[in-house]
Amino acid sequence: PQAEQLLDRVRSAGVTIASEARVIDAPSAHELVVDFRGRVDVQRAEQLILATGAVERFVPFPGWTLPGVTGVGGLQALLKSGLTVTGTRVVVAGSGPLLWPVAATVIKSGARLGMIAEQASRGRVLGFGTSLLADPDKLLLAAQYRWATLGTPFRTGIWVVRAEGDDRVREVVLSVGGR
């Protein structure tokens with residue numbers, strides 16, 4: 001009800017809302033070529049708000065453009081879109097709580113998860129874990145993700161140094177405590 005009221009107010013102000021649309025070109029400062037689920041149209045506007053969803057902060061490293069290397073959020077989106085990873089080896093590396101649901105999904109999708117490599121220090125991870133005690137729902141969810149990844153090594157203070165391979169990534173070199 002509140003969301004519908006907000007949408008009604010926005011529309012009554014003359015705003016056009018296009019959900020599930022994809023911008024495919026911007027021929028000028030006030031024009032966008034937009035794909036509306038298969039129907040392509042040119043949209044003209046004086047002002048524009050693009051709500052694209054989450055932004056992944058990906059720190060490039062040597063080999064980051066090899067096929068098979070993705071950001072954690074990108075991997076999550078690919079898995080949700082039907083990417084097949086059965087039998088592949090995967091390392092989930094980065095920082096933040098998104099590592100856990102992605103790691104659990106990787107395992108559920110049939111991949112062999114070699115490691116969950118968290119950039120943050122052990123102390124920061126423990127501090128975050130302690131903060132979950134104030135939110136039993138999130139604590140339960142965290143426990144479920146950890147249970148789903150049991151048997152997979154989890155290390156803190158680890159950074160990806162480089163990805164190696166030829167036509168695709170074949171190896172990931174990690175830095176543990178600067179080594």
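Let's start with Asp167, which counts as exposed because its relative accessibility is 53%; exposed means over 50% relative accessible area, buried means under 20%, and partly exposed is in between (1.4 Å probe, protein chains only). This is a predicted model, where local features need pLDDT of at least 70, side-chain atom pairs count only at pLDDT 80 or more, and totals for chains, interfaces and linings use all residues. Residues are numbered from 1 along each chain as its sequence is written, and side-chain values use heavy atoms, with hydrogens and water left out.

Asp167 meets Arg170 in a salt bridge, 2.9 Å from N to O. (A salt bridge is a side-chain nitrogen of Lys or Arg within 4 Å of a carboxyl oxygen of Asp or Glu.) Arg170 has a relative accessible area of 40%, so it is partly exposed.

## Other salt bridges

How many salt bridges does the structure hold? There are 7. One of them joins Glu164 and Arg162, with the closest N and O atoms 2.5 Å apart. Glu164 is partly exposed because its relative accessible area is 29%, and Arg162 is partly exposed too, at 32%.

Another pairs Arg37 with Glu20, their closest N and O atoms being 3.4 Å apart. This pair links distant parts of the chain: Arg37 sits in the loop between β2 and β3, Glu20 in the loop between α1 and β1, and they are 17 residues apart. The helix and strand names come from DSSP runs (helices are H or I, at least four residues; strands are E, at least two), numbered from the N terminus. Both Arg37 and Glu20 are exposed.

## The largest pocket

About 1,300 Å³ of space lies in the largest pocket. On a 1 Å grid over the protein atoms alone, a pocket is an open set of points where a 1.4 Å probe fits, with protein on both sides within 12 Å along at least five of seven lines; lining residues have an atom within 4 Å of a point. The volume is the space filled by probe spheres set on the points, which are joined across faces, edges and corners.

The lining has 44 residues, and Gly68, Val69, Thr70, Val91 and Ala93 lie nearest the centre. Which element gives the most to this lining? That's β4, with 6 residues. By class, the lining divides into 26 nonpolar, 12 polar and 6 charged residues; Ala, Val, Leu, Ile, Met, Phe, Trp, Tyr, Cys and Pro count as nonpolar, Asp, Glu, Lys and Arg as charged, and the others, Gly among them, as polar.

## The second largest pocket

The second largest pocket holds about 850 Å³ of space. Of its 26 lining residues, Thr16, Ala18, Leu48, Ile49 and Leu50 are the closest to its centre. Strands β1 (21-28), β2 (31-36) and β3 (39-44) are the elements that give two or more residues to this lining, and the largest share, 4 residues, comes from β2.

Leu50 is found in the loop between β3 and α2. Leu50 counts as exposed because its relative accessibility is 54%.

Helix α1 covers residues 2-12, and the count of buried residues among its 11 residues is 0. Just after α1, Gly14 takes a positive phi of about 90°.

Over in strand β4 you'll find Arg89. Arg89 is exposed because its relative accessible area is 62%.
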